Amino acid sequence: MNISKSVKIKIPEGYKLESVPKIYNEKLINDAAGYAYNIVEKDGFLNIYSARVLPYSILPSDYYKPFKEFMNKIVEAETQQVILIKQ
């Protein structure tokens, strides 16, 4: 299963981008899952991209702990803050 999201947000007039989260890429052992996250500023817009690849519907029980850590890292990546400052 592939899940991709793309969001485009206009930066309000009078504000400029100070910082964005780091690019984030993560793979689970043996490529059992993958995730990528990136935010780019272009032409006064924030373009937010994320992609999650889960090629298997069932994983062996020994993948539970690594998969839980993998999902926690996704939550951490997606809760990073974009900082705008008033000009």
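The model is predicted, so local features need pLDDT of at least 70 and side-chain atom pairs count only at pLDDT 80 or more, while totals for chains, interfaces and linings use all residues. Residues are numbered from 1 along each chain as its sequence is written, and side-chain values use heavy atoms, with hydrogens and water left out.

**Nonpolar core**

- In the largest nonpolar core there are 16 residues; such a core is a set of buried Ala, Val, Leu, Ile, Met, Phe, Trp, Tyr and Cys residues joined through side-chain atoms within 4.5 Å.
- Buried means under 20% relative accessible area, exposed means over 50%, and partly exposed lies in between (1.4 Å probe, protein chains only).
- Leu28, Tyr35, Tyr37 and Phe70 have the most contacts inside this core.
- At least two residues of the core come from each of strand 4 (34-42), strand 5 (45-53) and helix 1 (64-78).
- Helices (H or I, at least four residues) and strands (E, at least two) are DSSP runs, numbered from the N terminus.
- Not counting residues up to four places away in sequence, Phe70 touches Glu26, Lys27, Leu28, Ala33, Gly34 and Tyr35, where contact means heavy atoms within 4.5 Å.
- In soluble globular proteins, nonpolar side chains tend to be buried together.

**Asn47**

- Asn47 is placed in strand 5.
- With a relative accessible area of 11%, Asn47 is buried.
- Its contacts, leaving aside neighbours within four places in sequence, are Val7, Lys8, Asn38, Ile39, Val40 and Lys42.

**Salt bridges**

- The count comes to three salt bridges, each defined as a side-chain nitrogen of Lys or Arg within 4 Å of a carboxyl oxygen of Asp or Glu.
- Glu26 and Lys73 form a salt bridge through their side chains, at 3.7 Å from N to O.
- Glu26 lies in strand 3 (residues 24-27) and Lys73 in helix 1, so this pair ties together parts that are 47 residues apart in sequence.
- Glu26 is partly exposed at 22% relative accessibility, and Lys73 is partly exposed at 33%.
- Lys10 pairs with Glu13 in a salt bridge whose closest N and O atoms are 3.8 Å apart.
- Lys10 is partly exposed, at 48% relative accessible area, whereas Glu13 is exposed, at 70%.
- Between Asp31 and Lys27 there is a salt bridge with the closest N and O atoms 3.7 Å apart.
- Asp31 has a relative accessible area of 47% and is partly exposed, while Lys27 is exposed at 60%.
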